[in-house]
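Please look over the model below before reading on. The text then goes through the sheet, the helices and the contact of the chains.

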Amino acid sequence: MRDIALEKLIPQRSPIVMVDGLLEVEAERAVTSFTVRSDNYFIDTDGCLAEAGLIEHIAQSASAFVGYKAVEKGADAPPVGYIGEVKRFDCRFRPRTGDRLLTVVSVMAEAEGVILIQGTTRTDGGIAAETQMKVYVKA
Amino acid sequence: MQLENNYYRIVGKRITDGQALFRIAFLPDCDVYRGHFPGNAVCPGACHIEMLKECVETLVGKPLFIRTIKQCRFTAIASPLVCPQADLTVVCIPVSDGVAVEARLTDGEKVYMDYRGKMAFDV
């Protein structure tokens, strides 16, 4: 896969960037990473990443995947994605500051402007969260 | 981080039979809009979920952990410019180790979020 700067893959900018690497891309599957830092927007007072932070991370992982495909097709700017639905979200634990998240996003269905994905986020401690998500994509 | 008084402010709260209504003001100067998205302020759906958790915590008086979300639909795009205030209606039903939550974020007829899930007491 091509090495493309993350700012070209997702439209989000500081302080709400929740993906720091797109590691693998296949036709219907991608792997992303994110290291949780203490200055993250979704850090709770106990130093853990809030559940909503995991949701935003999975959404941006899908966005990076869609962005990669768009850049491959010649897009200049990454498409803007909006979460349309979160379904069957299951959170086992909140990652801590310093943890590295690895997330697998699998495309379950895709139509014009909508993508339905399954996302699973792991840390060294195992699966932190998994969910289905519908993301609206606007080029 | 605590989103109250950063991302939103509670400007009214009414609790009636088994239902709570929070009148929410979205704060357009919140830092999050620098990045979501530059030049196009859109309320992140994830922030609405975190806001809901904080509001439910004020109802149960304990820290909560979002254990599962059965379904959360975002049916309209909210932004602090087009939607400066909204109503968050919450119904909580006690379950063994937490609460089952049903919630809606609305502005008049317009529905922004429709949420069903379980929050556990965070121990």
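This is a predicted model: local features need pLDDT of at least 70, side-chain atom pairs count only at pLDDT 80 or more; totals for chains, interfaces and linings use all residues.

Helices (H or I, at least four residues) and strands (E, at least two) are DSSP runs, numbered from the N terminus; two strands pair if DSSP finds at least two bridges between them.

Residues are numbered from 1 along each chain as its sequence is written, while chains are lettered from A and ligands numbered from 1 in the order in which they are written. Local features need pLDDT of at least 70 and side-chain atom pairs count only at pLDDT 80 or more, whereas totals for chains, interfaces and linings use all residues.

Where do the two chains join in the sheet? Strand β3 of chain A (residues 80-91) pairs with β3(B) in the antiparallel sense over 5 bridges. Glu85(A) has Arg73(B) as its bridge partner in β3(B).

Axes are lines fitted to C-alpha atoms, for helices over the stretch in contact, and angles run from 0 to 180 degrees between N-to-C directions.

α1(A) and α1(B) pack with their axes 9 Å apart, at an angle of about 165°. That makes α1(A) roughly antiparallel to α1(B) (an angle over 145 degrees). Ala52(A), Ile55(A), Glu56(A) and Ala59(A) of α1(A) make this contact with Ala46(B), Cys47(B), Ile49(B) and Glu50(B) of α1(B). Two residues are in contact if their C-beta atoms, placed from the backbone, lie within 7 Å.

The contact between the chains takes 25 residues from chain A and 24 residues from chain B. On the side of chain B that touches chain A, α1 (45-60) and β3 (64-74) of chain B each supply at least two residues. The largest share of that side, 9 residues, comes from β3(B).

As for confidence, the predictor gives the complex an ipTM of 0.97 and a pTM of 0.97.

Conventions:
Angles under 35 degrees count as roughly parallel, over 145 as roughly antiparallel, 65 to 115 as roughly perpendicular and the rest as oblique.
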